[in-house]
Each structure stands twice: as C-alpha cells, then as structure tokens.
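Trainee: I would like to go through this model with you, one question at a time. Could we begin with how its terms are defined?

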Amino acid sequence: MGSMSRASGWLFALALACLGAGPMWATAARAEDPVPDTAAASSDAAAHHDELDFEEEYEEDVAQGDPLEPMNRQIFRLNEGLDRYAIEPVSKAWDYVLPDFVQHAIRNAFDNLRFPIDFANDVFQLDMTQAGVCLARFLLNSTVGIAGLMDPASTLGLHRKPEDFGQTLGFWGVPPGPYLMLPFFGPSNLRDGFGLIVDTGLRAIGFFIPLAVSFGLAGADALNRRSLIRDQLDTERRASLDWYVSVRNAYSQYRANLIDDDKDALKDYDYFPGLEIDADRPAQD
C-alpha cells in the first residue's frame, strides 16, 4: 500500500559517517626541507581556500534542499514521539505474538496489493517490459501464491520493481523541490508529496472496501513492517550523530536511486519498508 508504506519509511535511516584525513607525510617532508617551500605554501593556501568554498557551497546546498528545516524538525519530533510511545510498544507485542514467517507473509500480501500503483507508473514511464513483469507477478502471486501471501514470482525470476508517481514525475524531469517532513507519513518532498496523493487514489484495497477500513488495514501493514525492522532501527538511531539529518539524507539518496532505477543502490538503502526489491528478501527471512 503506497500511502502507508511511506508512513514507516521515516523510521529508517543510514548512520552518518564523517571521515577526514590529511597527508601527514607531506607535512613531515616539508619540515625536513631547509629551504622554504613557497610552492607548497601556495598550494596549502589554495587548498584551504577550496575547502572553505566547498563548505560554503555545501551549506548553501543544504539550505536550498531543506529551507523548511525548523518546521520539519518540529514535525519530526512529533513523529518520533508517536513512534516511541505508541507504535514501538505495539510493534513489540505484534512481534511477540506473530512468528516471522507470518509477518513476512503479511508483508507479501500488502506488496501484492500495490499492483495498480506499480503497474500504472510503469506505464507512465513507458517501461512496458516491467509493466508486463508486474502484471505477471500479480496474476501468479494472487493465485499460486494464495492471495499474495507467498511470492512464487520472485522464485521464477520475476522480481518486483517498486514504482510510484513521485518516481514518475522524477522520470519526466520534475525536480524534487524542498524537503518536507510530513506528519505521520514521514520524509518526503514537494514532488513526492503530490505523488503520494495520486498513489492513494490507485490503491487496490480502496476499490473494494470502505475508505476507513482500507486505512485501518494500511495501519496494520505499517505496524507489521515496523516490527520487522525493530532491531535494525534501534541500531541506526544509536549510531546516528543527528537522527533528523540521517533520515533526511537517507531518504533523499534512496529516492534518487529509485528514480535512476539503480537496483544495487536499492539493496544498500533498504531502510524504507515496502520499497525494497524482492531479491533482497531471502537474506531477511
């Protein structure tokens, strides 16, 4: 389910890693040289100037990418409080009651119900080959896979390639716009936020049952996915220097990789449940 899959997407992030090292051997070599190395001094000054320019450009890029940071951080704190004091305790109980194979089966079933979203956006992107794979997956998993609880399509090499309208807009050159932290739904941007509205209208469950019930099921889907990554999330939070920045950077990189159809990067950024490709699942089960 496209709309609520994003609701747990904000729970995942990559830990920041800040690496810095200088050429110590060069400094030592200049110290042993009795003749002043004016060329080296000029090079150091230029390097320092370039470093300052880089820092200024980086800060400008961050400001342009997240001009609403004060508001976004406030919403982020709201979402974090909701997760820590409501969603996380319930997800622990969920994880205690339901075996892992049942949780994975539930996830498979909800992924199968994303068929209208994936298929429509494959067509919007003129990717008819993947649209055919998406259709074959849905027919096979809905029948042989018992309403999508199992995923025989992946066993046959028909792997899921998640798509949404935000990706479609990116495919056609629409820029992401400013970063947005949405209440309850988590990280997004102006383009993906609009795409979320379109994808909500494409949800398969909404075609057959009342809207209120469909959102209840979407909540169960989000809760199930939250329980599957509980330990991973705790590790990421502890490792993060700034959890807000970690979530923002991970989301932005992940979305860029999705739009570029970079499957290798999808494996590296498997922090947003419901968006991972099926090829990753054997390692998780």
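Mentor: A salt bridge here is a side-chain nitrogen of Lys or Arg within 4 Å of a carboxyl oxygen of Asp or Glu. The model is a predicted one, in which local features need pLDDT of at least 70 and side-chain atom pairs count only at pLDDT 80 or more, while totals for chains, interfaces and linings use all residues. Residues are numbered from 1 along each chain as its sequence is written, and side-chain values use heavy atoms, with hydrogens and water left out.

Trainee: Which residues are linked in a network of salt bridges?

Mentor: Side chains of opposite charge can pair when their charged atoms come close. By the 4 Å rule, the count of salt bridges comes to 19. The residues linked in a network of such bridges are Glu80, Asp83, Arg84, Glu88, Arg226 and Arg237.

Trainee: How many residues apart in sequence are the parts that Asp164 and Arg255 tie together?

Mentor: The side chains of Asp164 and Arg255 meet in a salt bridge, at 2.9 Å from N to O. Helices (H or I, at least four residues) and strands (E, at least two) are DSSP runs numbered from the N terminus. Asp164 lies in the loop between H8 and H9 and Arg255 in helix H13, so the pair ties together parts whose separation in sequence is 91 residues.

Trainee: Are Asp164 and Arg255 buried or exposed?

Mentor: Buried means under 20% relative accessible area, exposed over 50%, and partly exposed in between, with a 1.4 Å probe and protein chains only. Asp164 has 2% relative accessibility, and Arg255 likewise has 2%. By these cut-offs, Asp164 counts as buried, and Arg255 also counts as buried.

Trainee: Which residue forms a salt bridge with Asp151?

Mentor: Asp151 lies in the loop between H7 and H8, and its partner is in helix H7, so the pair ties together parts that are 14 residues apart in sequence. Both members of the pair are buried. The closest N and O atoms are 3.3 Å apart, and the partner is Arg137.

Trainee: How many of the 17 residues of H13 are buried?

Mentor: H13 reaches 24 Å from its first C-alpha to its last, close to the 24 Å expected at 1.5 Å a residue, where the expected span is 1.5 Å times one less than the number of residues. The helix is mostly covered, and the number of its residues that are buried is 13.

Trainee: Which side chain reaches the backbone nitrogen of Tyr244 at the start of H13?

Mentor: A polar contact is a pair of N or O atoms within 3.5 Å; within protein, one must be able to donate a hydrogen and the other to accept it, and residues adjacent in sequence count only if both atoms are side-chain atoms. At the start of H13, a side-chain oxygen reaches to within 3.1 Å of that backbone nitrogen, and the residue that carries this oxygen is Asp242.

Trainee: Which residue caps the N-terminal end of H10?

Mentor: Helix H10 covers residues 190–201, and its buried residues include Arg191 and Asp192, which form a salt bridge with their closest N and O atoms 3.3 Å apart. A side-chain oxygen of the capping residue lies 3.1 Å from the backbone nitrogen of Arg191, and that residue is Asn189.

Trainee: What is the phi of Leu126?

Mentor: Leu126 is in the loop between helix H6 (115–124) and helix H7 (128–143), and at 57% relative accessibility Leu126 counts as exposed. Its phi is positive in a residue other than glycine, with a value near 65°.
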